[in-house]
Amino acid sequence: QAYGEHLIHFFYMRVGREIARVEIPRWVAEDRAQVDLVHALVYDQCLKGQGYPVALARAHEQAIVRAADRRAFLGIVEGSLLRAELPASDSRKRESKERQAL
């Protein structure tokens, strides 16, 4: 198996009316104390976040990619593709979305 000790295991847990799937690497899944710790931490975060983990909510707030950053990133990717002599054209879907945004 290519993932070795990082092979993903998971468990489900009920948090209020929601059911969450929590994914953990094999090396955590094989240690009951660590699984219990992950369970307790996720549950605590969900309680504090009124059903949604506070840490995930904060990460989502910080993960906003601004248009200028997106263009810079795409420029880097396109440059890499061109240097590797691979096609670097936009998808029709993305071109359409960008035209609609203007």
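Modeller: S1 and S2 run antiparallel and are joined by 8 bridges. Strands count as paired if DSSP finds at least two bridges between them. Strands (E, at least two residues) and helices (H or I, at least four) are DSSP runs, numbered from the N terminus. This is a predicted model: local features need pLDDT of at least 70, side-chain atom pairs count only at pLDDT 80 or more, and totals for chains, interfaces and linings use all residues. Residues are numbered from 1 along each chain as its sequence is written, and side-chain values use heavy atoms, without hydrogens and water.

The hairpin of S1 and S2 has 2 residues between the strands. Gly-16 there takes a positive phi near 65 degrees.

Now Ile-19. This residue lies in strand S2, and Arg-14 stands opposite. Ile-19 counts as exposed because its relative accessibility is 55%; the cut-offs are over 50% for exposed, under 20% for buried and partly exposed in between (1.4 Å probe, protein chains only). With Phe-10 and Tyr-12, Ile-19 makes a nonpolar surface patch of about 350 Å². Such patches join nonpolar side chains (Val, Leu, Ile, Met, Phe, Trp, Tyr) within 5 Å, from residues with over 30% relative accessible area and no salt bridge. A salt bridge is a Lys or Arg side-chain nitrogen within 4 Å of an Asp or Glu carboxyl oxygen. Areas come from the Shrake-Rupley method with a 1.4 Å probe; for residues, only the protein chains shown count as cover.

Next, the core. The largest nonpolar core has 8 residues, among them Phe-11, Met-13 and Val-22. A core is a set of buried Ala, Val, Leu, Ile, Met, Phe, Trp, Tyr and Cys residues joined through side-chain atoms within 4.5 Å. S1 (8–15), S2 (18–25) and helix H2 (32–48) each give two or more residues. S1 gives the largest share, 3 residues. Leaving aside neighbours within four places in sequence, Met-13 is in contact (heavy atoms within 4.5 Å) with residues including Ile-19, Val-22 and His-39.

How values were computed: Patches are made of residues with over 30% relative accessible area and no salt bridge: like charges are joined within 9 Å, nonpolar side chains (Val, Leu, Ile, Met, Phe, Trp, Tyr) within 5 Å.
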